[in-house]
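Please keep the sequence and the structure in view while reading.

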Amino acid sequence: MNPQTLLHFLNLVEPMKYHTRHSWTSTGRQESVAEHSWRLSLMAYLVKDEFPEADISKVILMCICHDLGEAVTGDIPAFLKTEENRETEASAVHTLLSALPEPYQSELTDLFFEMEEQKTLESHIYKALDKMECLVQHNEAPISTWLPLEYEQNLTYGAEQVAFSDYMKHLRKRINQESLDKEKREKGGTL
């Protein structure tokens, strides 16, 4: 890729570094879209032994790129996202990818289709981890940042996405326990 095209694309996606998500960090500031994508990518690498038959490099690429559209749209929390929001984000992804030369444009277009279609092991791993990373971050945030609906949602979010794997179900169960422990601890109870 020539340097001008590379720099242009990097400029287009730079807002991922400052667009904030509904999630908060343990220090009490809002997390950026890029921070979520970075840790999600690290999670994919760290579970590679659990999925030896998967192309973990592809999963990591999915994790890095999955929220590219939010460079344009910003983040909309899952519990507020509408079909119209999803269509707008998909259009933003298409516009961003059109700024890339081949083979990048076709490769990433195919990758987004695979993520959306949810028929491959790699797409299932990425999607489950995406949900789990949100819950992990939520548990790390001060409980004062939790909305009332999140107390219950923390225990149900991502259940469908982890169903394909015993490992993912176990991970989700552990994260759920951390949510319950945090609630009890923060509300003055003891463990």
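## Salt bridges, core and pockets

The structure holds 13 salt bridges, a salt bridge being a side-chain nitrogen of Lys or Arg within 4 Å of a carboxyl oxygen of Asp or Glu. This is a predicted model, in which local features need pLDDT of at least 70 and side-chain atom pairs count only at pLDDT 80 or more, while totals for chains, interfaces and linings use all residues. Residues are numbered from 1 along each chain as its sequence is written, and side-chain values use heavy atoms, with hydrogens and water left out.

Three of these pairs are set out below.

| Salt bridge | N to O distance |
|---|---|
| Arg 21 and Asp 67 | 3.8 Å |
| Arg 21 and Asp 75 | 3.8 Å |
| Arg 174 and Glu 178 | 3.7 Å |

Arg 21 lies in strand β1 and Asp 67 in the loop between α3 and α4 (70-73), so this pair ties together parts that are 46 residues apart in sequence; helices (H or I, at least four residues) and strands (E, at least two) are DSSP runs numbered from the N terminus. Asp 75, in the loop between α4 and α5, is 54 residues from Arg 21, and a network of salt bridges links Arg 21, Glu 31, Asp 67 and Asp 75. Arg 21 counts as buried at 7% relative accessibility, where buried means under 20% relative accessible area, exposed over 50% and partly exposed in between (1.4 Å probe, protein chains only). By contrast, Glu 178 is partly exposed at 34%, as is Arg 174 at 45%, and both lie in helix α10, four residues apart.

The largest pocket has a volume of about 1200 Å³ and is lined by 42 residues, with Asp 67, Lys 81, Lys 127, Asp 130 and Lys 131 nearest its centre. On a 1 Å grid over the protein atoms alone, a pocket is an open set of points where a 1.4 Å probe fits, with protein on both sides within 12 Å along at least five of seven lines, and lining residues have an atom within 4 Å of a point. Volume here is the space filled by probe spheres set on the points, which are joined across faces, edges and corners.
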